[in-house]
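Please look over the structure below before reading on.

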Amino acid sequence: MSMINYASREINCKLVYYGPGLGGKTTNLEFVYNKVAPGSRGKMISLATETERTLFFDFLPVDLGTIRGFKVKFHLYTVPGQVYYNASRKLILKGVDGVVFVADSQIERMDANIEAMQNLYENMAQHGYDLTKIPFAVQYNKRDLPNAAPIAELQAAVNPGWTVEEPSKHRTVADPYHDSEFLVWQQDGHWIERAPYFEAVAVTGDGVFDTLKAISKSVVKTLG
Amino acid sequence: MTGASSWSFREDDSTRIHGILRGFLGETNARTALIVDRTGQLVATVGEAPAFDPTAFASLTAADFSANDQLARMLGEAEFGALFHQGERESMYLADVARRVILVVLFDNRTTLGLVKLRVKPALGQLTQVFTEMFNRDGTSAPGVESAFLGEAEDEIDKLFGA
């Protein structure tokens with residue numbers, strides 16, 4: 001729920017990085033923190049355990065500057081990925097404007113990815129939000145590892161798409177990020193939509209800003 | 001509901017809230033009152049300007065309140081309507097307003113918890129009225145952003161995050 005504060009002329013948008021444990025959510029935020037000009041970002045807060053596993057969340061505010069008289073800020077959050085921290089994970093989703101699902105490309109983590117995605121849908125539904133109707137992107141991280149699964153396999157498992165019910169949306173939409181791929185298409189008489197995806201190596205920063213740019217643009221579009 | 005609902009905070013809302021909180025701070029001698037929404041965004045600050053990063057403070061406040069809300073439910077309570085954190089010199093008192101925002105009062109030894117608790121009740125009543133009116137009018141009068149906003153925002157995103 002992006003809040004427009006007409007008194008202080010501010011718009012704040014909440015982006016949440018979700019996904020399985022050790023998938024690279026915190027690494028995404030750390031890379032953004034280190035690369036964005038210090039004047040454009042606030043302090044990064046990490047509520048982590050002694051072994052640097054996220055306990056509650058990481059938080060990084062990024063300032064987009066003043067646009068048409070409004071100061072626009074993105075508040076980036078991560079959730080703890082470990083399965084047993086679900087209560088904390090759910091709390092962080094409150095008021096979310098856009099979600100990035102950070103999947104771990106390693107073939108051994110396929111089940112963990114699927115479980116985390118199901119958990120995301122469930123937690124969103126419990127807040128009364130529909131993931132298919134808000135800005136949402138999938139990032140396949142750790143593409144540099146030798147045991148990374150092929151993208152097609154990951155897409156089929158993690159981001160297979162959902163049926164588009166609304167007739168006004170029954171039109172082919174090309175994937176602007178990948179040639180000859182689609183975000184909305186017709187298959188066996190049904191219209192299917194899926195989230196845009198990005199390949200990344202978060203430790204080196206590859207794909208981190210591509211993902212962030214895409215999700216923040218989608219969120220800004222919802223303000224109009 | 002498909003996504004979280006947006007809400008807007010107008011100039012006249014700000015004037016009313018500042019008036020209520022200034023009165024409360026005057027009566028109690030507390031230093032600062034902040035309004036934080038439950039998603040972690042700072043809505044208003046009244047009184048002495050805090051020395052800390054208010055954005056980070058707001059996100060932690062919301063997380064603190066939400067975690068305690070869940071603890072309350074585990075104990076069979078609907079909620080903990082208020083929380084108190086006591087320090088050696090600085091303390092904070094947090095209270096729910098209309099289930100959507102949190103009032104945070106920062107105070108030191110120039111006042112007492114008892115006085116803060118006593119005076120916060122009428123202030124909470126008035127704040128609840130203002131916020132309930134704000135949330136009820138949502139979606140009907142929120143002016144939104146100008147059409148040129150989107151293009152300019154996209155340009156800024158490209159600049160900040162690399163084109």
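The points below are grouped by topic.

This is a predicted model. Chains A and B touch through 44 residues of chain A and 45 residues of chain B. The notes also take in the domains of chain A and the helix α1(B).

**Where chain B meets chain A**

- Four elements of chain B each give at least two residues to the side that touches chain A: β1 (7-9), α1 (11-28), α2 (54-74) and α4 (147-161).
- The top contributor to this side of chain B is α4(B), with 12 residues.
- By class, the side of chain B that touches chain A holds 18 nonpolar, 16 polar and 11 charged residues.

**Strand pairing across the chains**

- Strand β1 (residues 3-5) of chain A pairs with β1(B) through 3 bridges.
- The two strands run parallel.
- Within this pairing, Ser8(B) of β1(B) is the residue opposite Ile4(A).

**Domains of chain A**

- Chain A splits into two domains. Domain 1 is made of two segments, 3-159 and 195-221, while domain 2 covers 162-194.
- Their C-alpha centres are 24 Å apart.
- Each domain of chain A puts 5 residues into the contact between them.
- On the domain 1 side of that contact in chain A, 3 residues are nonpolar, 2 are polar and none is charged.

**Helix α1(B): length and end**

- α1(B) is 18 residues long. From first C-alpha to last, the helix spans 26 Å, close to the expected 26 Å at 1.5 Å a residue.
- After α1(B) comes Asn29(B), with a positive phi near 70°.

- Which residues of α1(B) are buried? They are Asp13(B), Ile17(B), Ile20(B), Leu21(B), Phe24(B), Leu25(B) and Thr28(B).
- An α-helix has 3.6 residues a turn, so residues three or four places apart point the same way.

**To take away**

Definitions and conventions
Residues numbered from 1 in each chain as written. Chains lettered and ligands numbered in written order. Predicted model: local features only at pLDDT ≥ 70, side-chain atom pairs only at ≥ 80, totals over all residues. Contact = placed C-beta atoms within 7 Å. Nonpolar A, V, L, I, M, F, W, Y, C, P; charged D, E, K, R; others polar. Pairing = 2+ DSSP bridges. Domains from an automatic or database assignment. Expected span 1.5 Å × (residues − 1). Buried ≥ 20, exposed ≤ 12 C-beta atoms within 10 Å, placed from the backbone.
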